[in-house]
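Please read them with the sequence and the model side by side.

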Amino acid sequence: MTTIPIGGVRQGMYVILEAHLPERAPRAVGVVLMDPATDRSWARFRERFDDLTDDTEVWDALGDDVRAKLAESGAEAFLSTLEDSLSHVLRVSERRAVGVDAFTRVVERLYAEHVGETAVRPFETHLPVYSLRAAAGNLGEEMQVEAEDWVAAPEGMRLSRDLFVAHVVGRSMEPRIPDGSLNLFRLHPAGSRQGKILLIERFGIADQSARYTVKRYTSVKRQTSEDEWEHERIRLEPLNPEFEPWDVEPQDFAVVAEWLRVIE
């Protein structure tokens, strides 16, 4: 069993599908990635086959056919069928293990490695991946922040330049935000913060690994005059009951971004 060095706390299994056509070298045509824990799957296939053969009709339908069968029978059952029944023209590799932070990200990386590069169009098809420290750097107008990577955006989502992706490490927000997962955020959230899950920079924390946190924000306010209010209490709450909430003062933190969703 081969392990590909893509970071992640979960483990996936993947296979490469190859075309073995007469008088031609074998060519990888697609990737199927599965989550053994849930039996879910992600697949990525070539969009064009006219450089492989003049008879492309069957090959053009390959991706849709595989996805339909994966959805119908489940990943494990379908991969077993592929391994037992594929012809000499279409072959499947041995299963290989891979670390996963987000399955959609990893299937794209595997496709680029084994099949072909995918065009990255920033903020049109892909979003930047930042470390939490780099994301917080966007609070300062003079700090230049470079993307560590670009990942395919969730399907059907309208993209804008205030969106970014980052890893969340730790168990305090489980099960909603798994440890090590890749997550979508929006910088500089507008409107009320009450009840929102936020990426927060904590001031006065020397340890960089503890300086940034993702927590649910709640506050209690009291009226000090007819038109003025002040915070009586600001609390940062974990979702995992094994962890304790804590109270903070307004001057002790800054809101970097609003959490939107886990990238699967």
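1. Strand E9, residues 163-168, has 5 of its 6 residues buried, so the rest of the structure largely encloses this strand. Please keep in mind that the model is a predicted one. E9 runs antiparallel to strand E10 (residues 181-187), and 6 bridges join the two. Within this pairing, Phe164 has Phe185 of E10 as its bridge partner.

2. The loop between E9 and E10 holds Pro175. The peptide bond leading from Glu174 to Pro175 is cis, and its omega is near 5 degrees.

3. Phe164 also takes part in an aromatic pair. With Tyr130, the ring centres are 5.7 Å apart and the planes stand at 35 degrees, so this pair is tilted. Tyr130 belongs to the loop between strand E7 (126-129) and helix H5 (132-137), while Phe164 belongs to strand E9, so the pair ties together parts that lie 34 residues apart in sequence. Both partners are enclosed: Tyr130 is buried at a relative accessible area of 11%, and Phe164 is buried at 0%. Ring pairs join Tyr130, Phe164 and Phe185 into a cluster.

4. Tyr217 and Phe253 make an aromatic pair that is tilted, with 6.4 Å from centre to centre and 55 degrees between the planes. Tyr217 is buried, with a relative accessible area of 3%, and Phe253 is buried with 7%.

5. Apart from neighbours within four places in sequence, Glu258 is in contact with Leu184, Phe185, Arg186, Pro189, Lys196, Ile197 and Leu198.

6. Helix H3 (residues 75-85) has Ala75, Phe78, Leu79 and Leu82 buried. Looking down the axis of H3, these buried residues fall within an arc of 100 degrees, so they line one face of the helix. Asp84 and Ser85, on the other side of H3, are exposed. Which elements cover the buried residues of H3? Among them are strand E2 (10-19), strand E3 (27-35), strand E4 (40-45), helix H2 (62-73) and strand E5 (90-92).

7. The largest nonpolar core has 22 residues, and the members that touch the most other members are Leu17, Val29, Val32, Phe45, Trp59, Leu62 and Val66. Two or more residues of this core come from each of E2, E3, E4, H2 and H3. There is also a second, separate core of 17 residues, which includes Ala166, Val168, Val256 and Trp259.

8. Phe45 deserves a look of its own. Setting aside neighbours within four places in sequence, Phe45 contacts Leu17, Val29, Gly30, Val32, Leu62, Gly63, Val66, Arg67 and Tyr111. One of these, Gly30, lies in strand E3 and counts as buried at 0% relative accessibility. With the sequence neighbours within four places again left out, Gly30 is in contact with Val15, Ile16, Leu17, Arg44, Phe45 and Val115. Gly30 and Glu47 lie 17 residues apart in sequence and 9.7 Å apart in space, taken from C-alpha to C-alpha.

9. The charged end of Arg44 sits over the ring of Tyr111, at 4.1 Å from the ring centre.

10. Phe123 is not a glycine, yet has a positive phi of about 65 degrees. Phe123 is in the loop between helix H4 (103-114) and E7, and counts as buried at 14% relative accessibility. His188, also not a glycine, has a positive phi of about 50 degrees. The loop between E10 and strand E11 (197-202) holds His188, which is partly exposed with a relative accessible area of 46%.

Note on methods. Residues are numbered from 1 along each chain as its sequence is written. This is a predicted model: local features need pLDDT of at least 70, side-chain atom pairs count only at pLDDT 80 or more; totals for chains, interfaces and linings use all residues. Side-chain values use heavy atoms; hydrogens and water are left out. Buried means under 20% relative accessible area, exposed over 50%, partly exposed in between (1.4 Å probe, protein chains only). Helices (H or I, at least four residues) and strands (E, at least two) are DSSP runs, numbered from the N terminus. Two strands pair if DSSP finds at least two bridges between them. The arc is that of the directions from the helix axis to the C-beta atoms. Contact means heavy atoms within 4.5 Å. A nonpolar core is a set of buried Ala, Val, Leu, Ile, Met, Phe, Trp, Tyr and Cys residues joined through side-chain atoms within 4.5 Å. Rings of Phe, Tyr and Trp (its six-membered ring) pair if their centres lie within 6.5 Å; planes under 30 degrees apart count as stacked, over 60 as edge-to-face and the rest as tilted. A charge sits over a ring if NZ of Lys or CZ of Arg is within 6 Å of the ring centre and within 35 degrees of the ring normal.
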